[in-house]
Amino acid sequence: MHTYETENKLVVKNLSKIYDGTEILKNISFEVKKGEFLSVLGPSGCGKTTLLRILIGLERQDGGQILKDGKEISQLAPSARGMGIIFQNYALFPNMTVLQNVEYALKIRKDLAAASRKTAIHTLEQLGLEEHLDKKPNQLSGGQQQRVAIARTLALKPDIVLLDEPISALDVTNREIMKKELKAIQKKFDSTMIFITHEQEEAFYLSDRIMVMSEGNIEQIDTPANIYSHPANQYIKDFVIAHLEQKYESLLKCTGRIRHE
Amino acid sequence: MNNKGYKAIKFLILAFLLVSVVFPLVNLLLRIRWEDITAVCSSPQFGDMIKNSLLTTLTATFLSVGLAMLLAWCINRTNIRFRAIFSILFTLPMLIPSISHGMGLVLLFGDNGLVTNLLGINIQLFGFCGFVIGSMLYSFPVAFLMLTDILQYEDYTVYESAQVLGLSKFQQFRTITLPNMRKPLISVIFAVFTMIFTDYGVPLVVGGKMMTLPVYMYREVIGLMDFSKGAIIGVILLLPAVIAFIIDLKNKDSGNSSTITKPYIVGKNKLRDGLSYVFCIVTILLISLPLLTFAYLSFVKQYPINMSFSFDNVKKSFDLGVGMYLINSLTIALLTALIGLAATYFTAYLTARSKKSFSNMTLHLISMVSLAIPGIVLGLSYVLFFKGSLIYGTLIILVLVNMVHFFASPYLLAYNSLNKFNENLEDVSATLGISKIKMLLDVYIPCTKETMLEMFSYLFVNAMVTISAVSFLANFKNLPLALLIPQFDSQSLIEATAFISIVIFGVNILLKLAIYLIRRRIHVQEAVKGGESA
């Protein structure tokens, strides 16, 4: 039977979270389709990181449901939700080599332990890290470390990958490279990704859809093209459209594509 | 380890610290009788004791920190060679009990001392002079280590800007170095002050007729079994330590904000370097003098009448039970180090690697409180609290009291190293399904092996040399070796005290050597691994 809940990979209903009397998430609902790349875009303090932590189970919501493939997962431990998370600061195990970092998590999983070495090497190869298998994290560049963290997560074959500003700590050049790579990785692994960012431009480049948040509310959720052509409210115009246009003003001026209102 | 087990262990540790730190101290305070306070405070001795204690401690603190400052400057701000060796040699006095420093002075400068006899000069050691020199010897290595740590982490870019602005060396010192040093220096001064103020070892043997608060407390409790009077002095001794602790806590919160961007660059100056060599070498000669004397006197026939080489003293010392008490000491030190390492490390893991909660903050605070409790006060509170219990009079209570007494420093070592790990490691392991115990065994412990060695060494050495917390709790059966020194001293068995001092020193040197070799092995192993992957 196909319903709204089972058609979508993830359905979030009326999610709310309160910290010390402040509402961090105000009754938000949205869905993520299978294989989709959804960006959650918003300034710091808008509740996007809290949302991510609640989705994977590092924190508990005060109200609302999280359904994955139609099943409520709010009661499950983080490791039982079939999700993976990638942090801005990589969080690799400093005493282990690149290969050990990836293999370690595999060995713990009963279903994956048998082929752990093979899976780890294969995943690392797919991310272009085959030359660095025996290196320690501190011998790698920031971009390489982030790819190890991605490999560690993807090797476990999660249904959904959550990315918490994964490229914000990199320098400008590497950020551009990783941005392109992320898109390629998503295609290669055919995974569903929820990507947190405060950079409008990153969200527009990477996403199938963008969910714009402010102060615990969803302001608009739509494709980049629709958000640009039909901003839902003044907030979207100020925070998203104006910002993007300002950044590319000179470029847009040359091509004569700047909007006049 | 699941979440429930994890929480259970946390509350077990919290309960342990309550029983072993908080309850005994509260009990001590409750035991004090009002009549005794007025009796102690109105006694004619009291004013003199306070005056003696303050005057001598302040003088010794000032000189000790001054000496440590000069040495730290020689090591960190000049171009002299062998700095690592110098630094190790400066800290040798930490490997013997405070009372040994006093004994060393007696043997050298006492009425029958080697130097007194050799040069025919009597410096009138007993009293103010002996107290100050002995306390300096005992405390300056601690100040030296703290100050070296501060000087090492000064940012040079500020000095570069000052040079560009044309500030003179003196102006740089006044406007950069001093303000930078102010807060840490306060911590150092308080630490040294508390150390000297609460020590009874040095004044007991070289204080002469001069009575200080800890000596009075020691005599009241050991000699007259007057616990109530002892407790009042204990509270007075507790005061500066508690004040220091609070100031230090406030100091640290705001003090650690700077990050170094460039290490200090030392300019060329031959005169400065030459003087530094002389100063360092003279200091080392002076601190090795008592140690050499211990070694020398241990192997002479009868001091000062017959100075020919013999094993008589060694034999006599063993006849007096030194062997048995050495085994006591080794057992206590080893158990203190092992259990203490496990307890401090695990506590630090709880407070450093889990979310800030009320129970974690409490745990953190109690763990550091032991910094503020003088050993002699802790020991007395244990007598009053644990008397009649199963562990009283056994080795176990000595291990326990040492562990609590020395809890804070290894705890902070572990806390600081564990705090440096990536803040998201727990989140990552939770999502990957790696349990906390596996993270501890597979990630944290392998990464902090060297810190753990340092913690072990600190606990072991301190348990070997301490005479404070254990003094009131030891009996003829569980007595640690260091406490034989005051006993033998009162029986005028001078050569035997020298032998004990050198034995304790030897054991600690062996331990330090072992730790050094293990560390080197770790480095070699890591270099090999690094080489393979490079």
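Tutor: In chain A, 63% of the contacts between residues at least 6 apart in sequence join residues at least 24 apart. Two residues are in contact if their C-beta atoms, placed from the backbone, lie within 7 Å. The model is predicted: local features need pLDDT of at least 70, side-chain atom pairs count only at pLDDT 80 or more, and totals for chains, interfaces and linings use all residues. Residues are numbered from 1 along each chain as its sequence is written, while chains are lettered from A and ligands numbered from 1 in the order in which they are written.

Chain A contains 10 helices and 10 strands. Helices (H or I, at least four residues) and strands (E, at least two) are DSSP runs, numbered from the N terminus. The C-alpha trace of chain A spans about 60 × 45 × 40 Å along its principal axes. Of the 261 residues in chain A, 41% are buried. A residue is buried if 20 or more other C-beta atoms lie within 10 Å of its own, exposed if 12 or fewer, and partly exposed in between, with C-beta atoms placed from the backbone.

The domain assignment divides chain A into domain 1 (1-82 + 168-261) and domain 2 (92-157). Such bounds come from an automatic or database domain assignment. Over C-alpha atoms, the centres of domain 1 and domain 2 of chain A are 27 Å apart. Between them, 8 residues of domain 1 of chain A are in contact with 6 residues of domain 2 of chain A. On the domain 1 side of chain A, the touching residues are 6 nonpolar, 1 polar and 1 charged. In this scheme Ala, Val, Leu, Ile, Met, Phe, Trp, Tyr, Cys and Pro count as nonpolar, Asp, Glu, Lys and Arg as charged, and the others, Gly among them, as polar.

Asn14(A) is not a glycine, yet has a positive phi of about 50 degrees. It lies in strand β1 (residues 10-19) of chain A, and it is partly exposed because 13 other C-beta atoms lie within 10 Å. Asp20(A) also has a positive phi, near 45 degrees, in a residue other than glycine. Its place is the loop between β1 and β2 (22-32) of chain A, and Asp20(A) is exposed, with 5 other C-beta atoms within 10 Å.

Next, the meeting with the partner: the contact takes 19 residues from chain A and 15 residues from chain B. On the side of chain B that touches chain A, α20 (425-432), α21 (436-447) and α24 (494-533) each supply at least two residues. α20(B) gives the most, with 6 residues. By class, that side of chain B has 8 nonpolar, 5 polar and 2 charged residues.

Chain B has 24 helices and 2 strands. Its radius of gyration is 24 Å, in agreement with the value near 24 Å for a compact globule of 534 residues. The C-alpha atoms of chain B fill a box of roughly 70 × 65 × 50 Å along the principal axes. Of the 534 residues of chain B, 40% are buried.

One helix pair in chain B can be described in detail. Helix α5 (residues 98-109) and helix α13 (residues 270-298) of chain B pack at an angle of about 75 degrees, with axes 9 Å apart. Axes are lines fitted to C-alpha atoms, for helices over the stretch in contact, and angles run from 0 to 180 degrees between N-to-C directions. α5(B) and α13(B) are therefore roughly perpendicular to each other; angles under 35 degrees count as roughly parallel, over 145 as roughly antiparallel, 65 to 115 as roughly perpendicular and the rest as oblique. α5(B) contributes His101(B), Gly104(B), Leu107(B) and Leu108(B), and α13(B) contributes Leu289(B), Pro290(B), Thr293(B), Phe294(B) and Leu297(B). The contact of α5(B) with α13(B) has 6 nonpolar, 3 polar and no charged residues.

Note on methods:
The radius of gyration is taken over C-alpha atoms; the globule rule is 2.2 Å times the number of residues to the power 0.38.
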